[in-house]
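Subject: Structure handover

Hello,

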Amino acid sequence: MDINQIFENNRRWISDRLKIDSNYFVKLSKSQHPEVLYIGCSDSRVSAEELMGVQPGEVFVHRNIANMVPNTDLSAMSVINYAVSQLNVSHIVICGHYGCGGVVAAMQSSDFGILNPWLRNIRDVYRLHKTELDLINITEERYKRLVELNVEEQCVNVIKTSDVQKAYNERKIKVHGWVFDIHSGKLIDLKIDFDKILKKIMEIYQII
Ligand code: CO
């Protein structure tokens with residue numbers, strides 16, 4: 001890739017936007033009011049805004065390897081805090097994707113150096129759901145299921161935060177678990193029963 005091409009693309013993008021609305025950047029620069037916080041994987045093929053068909057200003061985005069929400073990760077915690085407490089988003093989406101390299105790596109008995117502590121969060125998800133996962137004979141299908149279960153566990157991690165618990169009590173903020181099927185381009189709603197999970201875990205994790 002010619003890196004200069006990116007600047008050429010940018011110039012074209014600016015002119016395309018201005019053709020539609022000459023005040024586009026004036027409006028864009030004023031403020032942001034996204035209603036959705038999207039937490040997804042850094043994978044280059046899972047381009048958040050493009051797959052959702054949303055415009056700048058509509059979704060607050062956080063991406064890392066395997067769409068994780070570790071409770072000691074200052075970056076993820078800060079993003080959640082800002083989105084929930086300052087931007088007042090109504091929805092938080094955790095979006096995983098089939099064919100996730102992070103999930104596959106976590107299933108290998110290999111030393112990944114600095115990535116080990118990060119990937120261990122996924123290994124913990126595997127441990128929590130080992131009985132179900134070990135019953136799946138086809139490796140590919142087992143990875144797919146772990147992607148889904150990882151999304152579910154990261155939704156639980158989101159619910160564990162005081163910001164989200166507070167927002168749930170005040171305005172019934174919603175947490176959604178989605179998977180992007182990289183083979184078809186389809187976005188799948190895992191239909192995670194947020195209220196059910198909440199009731200089940202609140203005895204342990206309630207802090208508000
Ligand atoms: Co991934």
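This is a predicted model: local features need pLDDT of at least 70, side-chain atom pairs count only at pLDDT 80 or more; totals for chains, interfaces and linings use all residues.

H4 and H9 cross with a left-handed sense. Helix H4 covers residues 74–86 and helix H9 covers residues 162–171. They pack at an angle of about 20°, and their axes are 9 Å apart. Since angles under 35 degrees count as roughly parallel, H4 and H9 are therefore roughly parallel to each other.

On the H4 side, the contact is made by Ile80, Asn81, Val84 and Ser85. H9 contributes Asp163, Val164, Ala167 and Arg171. Sorted by class, the contact of H4 with H9 has 4 nonpolar, 2 polar and 2 charged residues.

Methionine 77 is also in helix H4. Leaving aside residues up to four places away in sequence, methionine 77 touches Val69, Pro70, Asn71 and Thr161. Of these, threonine 161 is 84 residues from methionine 77 in sequence. In space, their C-alpha atoms are 8.2 Å apart.

Next, the aromatic rings. The count comes to 3 aromatic pairs. Tryptophan 13 and phenylalanine 25 form one that is edge-to-face, with 5.4 Å centre to centre and 75° between the planes. An angle over 60 degrees counts as edge-to-face. Tryptophan 13 lies in helix H1 (residues 3–20) and phenylalanine 25 in helix H2 (residues 24–30), so this pair ties together parts that are 12 residues apart in sequence.

How accessible are these two residues? Tryptophan 13 has a relative accessible area of 33% and is partly exposed. Phenylalanine 25 has 27% relative accessibility and likewise counts as partly exposed.

Phenylalanine 60 and tyrosine 82 form a tilted aromatic pair, at 5.8 Å centre to centre and 45° between the planes. The pair links distant parts of the chain, 22 residues apart: phenylalanine 60 is in strand E2 (residues 59–64), while tyrosine 82 is in helix H4. Buried means under 20% relative accessible area, so phenylalanine 60, at 17% relative accessibility, counts as buried. Tyrosine 82, at 38%, counts as partly exposed.

Which residues do ring pairs link into a cluster? The cluster is made up of Trp13, Tyr24 and Phe25.

Regards

Note on methods
Residues are numbered from 1 along each chain as its sequence is written. Side-chain values use heavy atoms; hydrogens and water are left out. Axes are lines fitted to C-alpha atoms, for helices over the stretch in contact, and angles run from 0 to 180 degrees between N-to-C directions. Helices (H or I, at least four residues) and strands (E, at least two) are DSSP runs, numbered from the N terminus. Angles under 35 degrees count as roughly parallel, over 145 as roughly antiparallel, 65 to 115 as roughly perpendicular and the rest as oblique. A crossing is left-handed if the near helix is turned anticlockwise from the far one by less than a right angle, and right-handed if clockwise. Contact means heavy atoms within 4.5 Å. Ala, Val, Leu, Ile, Met, Phe, Trp, Tyr, Cys and Pro count as nonpolar, Asp, Glu, Lys and Arg as charged, and the others, Gly among them, as polar. Rings of Phe, Tyr and Trp (its six-membered ring) pair if their centres lie within 6.5 Å; planes under 30 degrees apart count as stacked, over 60 as edge-to-face and the rest as tilted. Buried means under 20% relative accessible area, exposed over 50%, partly exposed in between (1.4 Å probe, protein chains only).
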